[in-house]
Amino acid sequence: MKAKKPVLELRRVTKSYPGALALDAVNFTVWESEIVGLIGENGAGKSTLMKILIGLIQPDAGQYELRGNPVTLRDPANAARHGVGMVFQEGSLVPNLSIMENLFLSHEIGFRRFGFLSRRAMRETATSVLSLVKVTSDLDTPIADTTPAVRQMVEIARLMWLSRLYRQENPVLILDEPTTVLTEGERKTLFTILTEIKRQASIILISHRLQEIVGNSDRIVILKDGRNVTEFEAEHANIAEIENRMVGHTFAAERYRENEQIEPMNEIALEVRNLSKRGVFEPITFSLRKGEIVSLVGLVGSGKEAVCGCITGLEKPDSGTISLHRKKLALGSPSETVRAGIGHIPIDRRSEGLALGMTVADNVNLLVLDKLKAAGLINPPLEKKNALRMIEECRIKTPSFSAICANLSGGNQQKTVIAKWLSSKIQLLVLDHPTRGVDVGAKEEIYRLIRNLARDGISMIIMCDTLEEDIGLCNRMLVMKDGRLVSEMSCSLARKPNPSDIIALIV
Amino acid sequence: MAEIKEEEGPSITEKRITTHRKRERIPAIYFAITLLVVMVVLFTIGNRNFLSAYNVNTITSYSAILLVVGLGQMSTILIGGIDLSVGGLMSFVSVVLVIALKTIGAWAFPLCLSVGLMAGYINGTILTRIKIPSFIATLGTGGILTSLALLVSPLPVVVPASSYGLLDIVNGTLIGMPNLLLLTLVIFIFFYVILGFTTAGRNIYYTGSNIKMSWMSGIDIRRTRNFAFMLSGLGAAIAAMMQTCSQFGGDPTMGKVYILQSIAAVVVGGTALTGGTGGAVNTLIGALILGVMENGMNVVGVDAYFQQSILGIVIIVSVALTFDRSKTAMIK
């Protein structure tokens, strides 16, 4: 290889959050004119690394160098000035403005003629910038009317143009899961364009699709648990090895309390029949036995989230039925499903699981207030009693039952959410990434609670952060891909499947 | 630029919360009580007659009305909304009460109560069905009610002599306590109990604190909102009746001052505008603070031109101390 210069260098960057070390002395280098693939499981630290790269968060320790000079990036706008930009998974364009307006948004100053913006000059520049990414749409089309592929290209073009505006040689573009929203044909186009752009820029590519990474990057960097695992030239990569490195070998048998795993009872608890939602998932049928833990796995966009949304009443399916203990549920209404005994541990506990400004007791008692009454009114001693019982049972570490939830650690907040559902009589619990962002100790506690729930005959549908966790916790696994149920496998204690077999089914 | 997707690991909000944790904030209610005590002391130093029986009576009767309308206002602020229609509603109820007293006598009181509840129900329904923010919805209904009040009676009307007997009872005393003050006490206890010790009241707090979580936990958001706005209508109607009775006359512009005064009483007492925290006791202190300030500044002879600005400063400072900035990234 030619002698290339590094454009961007992170040295021993560390970032910790209360109770969790997100990045532990990570080194990361991006060379001139290369595509570097960054892979790792959810929670491996990819997002934190990206946030540091674009100045959204500041590292606790370590050095950040651009083109050989140490820098401190205050925010994404500042990063753009240094020629580092990110194409967001959800897009950061303004939907009701046109392609051209979005392209130059908040940097129009260069087009000022006699105090007014010269639309003609803007048009010329826009056409030339967009030709780089092969976008030929009308410049005045509102972004809302364009396809995701065009939006992505406009974002890439914008970043390229900004770096030119600020005279930054060889900008660094970060693409976070760029292909999830694209069709097969659009994916090919994207990679053709990226290869072309590579001549004047470096690209960091993040994707769950390993083939894509191996096929299109020059170098691959693997993160695991916030640490560098390895990096190698893509030419020498093989997918099986990457999977191994990603998941790691340390598959401790006792980690998920497998010895406490029980055989579910024979009684059927939940029955889902021909449930479907147009354009999201095809008719799906499955059932859960009492005390059974079923893990739903699949990529983002496989439809697993929507299936869970339909079961919890947050989303309305187009067809099909859901019954709990032979009673059909009213669909699309959380208050009905909660009344029927279906609980839900949401993925984002701060915005969906807790009243953060209220006390632990208030949160724990939310569903059972009617049972904590004396003479028709809520009785504070009963409230306190129930709260203390649940705090004890779920081992929530809190200074008192009247502590404000916002002040608890992530793990204890999650335990509070679980306690809330536990204190009411639920029969089915949907756990959406129950251990996301909690530290190891709290994880243990959450696994323990899950096992206890199963023993009490509560059925559970789980979606976990890692495949290991899914395999370790569940009795049975349902694999979804592109809106379809593609496989079902037993995860009984005797024969837990191998993560790499499942990855093959998912991708 | 859009916020990065909070896909994995601890989120940005967490960072905000941890920095927030470092300086443990003093509960707003202590600040409010301290403010009240300091003001009473200052005004008493300024004029010894501040604590005279006559003056205390003036303060309490003003604070009482403000408290009753404020308690209703607080219910809507607790769910994260606001009720700007209390002013129009008070004006309307005021003139309707006087006119109705002429024709249906004592039945005028339940009539006015139902007008208040109905107005609140309509506000809540507009909010949930048409899905527009309460700020706008109640601005609109408030305007309608103000017009209705002027259509019923463009000028102030006096209570008919035939109703004097009835009003004398309302304005009378029981074991040395004015009936209106006792009524205020009853309403205070009513709100205190409803908000603190019933499921419907708690649901107001949950909804205000985190509406998405409340919905996902099966709380009927629509009903909770309607309930909060009906409480507000009830408070405004009773406050209007109290003032109308004590003045022996209805006024189609009476409510105007209470729109901002009621909001001020709520926030000065320490109920956060973001919803979810605060309560009846806070509003009691808030109403007293405003009553004491309004009266005290006159008693010690603060220049009338200055009074509004002092009031303004007090409001800004109290909201600054109670407002939960961690909840809102952008202030609009």
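Of the 332 residues in chain B, 52% are buried, meaning under 20% relative accessible area with a 1.4 Å probe and protein chains only. The model is predicted: local features need pLDDT of at least 70, side-chain atom pairs count only at pLDDT 80 or more, and totals for chains, interfaces and linings use all residues. Residues are numbered from 1 along each chain as its sequence is written, chains are lettered from A and ligands numbered from 1 in the order in which they are written, and side-chain values use heavy atoms, without hydrogens and water.

Chain B has 14 helices and four strands, taken as DSSP runs (H or I, at least four residues, for helices; E, at least two, for strands) numbered from the N terminus. Its accessible surface is about 15100 Å², 70% of it from carbon and sulfur atoms, by the Shrake-Rupley method with a 1.4 Å probe. Of the chain B contacts (heavy atoms within 4.5 Å) between residues at least 6 apart in sequence, 76% join residues at least 24 apart.

In chain A, six strands form an open sheet with mixed pairing, in the order S6-S9-S10-S3-S11-S12; strands pair if DSSP finds at least two bridges between them. S6 (84–87) and S12 (227–233) of chain A each have a single partner strand, so one side of each lacks a neighbour in the sheet. On average, neighbouring strands are turned by 20° against each other, direction ignored, with axes fitted to C-alpha atoms.

Within this sheet, S9 (residues 172–176) and S10 (residues 202–206) of chain A run parallel over five bridges, and Asp176(A) has Ile206(A) as its bridge partner in S10(A). Helix H5 (residues 148–165) of chain A packs on the sheet and touches S6 and S9 of chain A. The direction of H5 makes about 175° with that of S6(A), where helix axes are fitted over the stretch in contact and angles run from 0 to 180 degrees between N-to-C directions.

Technical notes. Buried means under 20% relative accessible area, exposed over 50%, partly exposed in between (1.4 Å probe, protein chains only).
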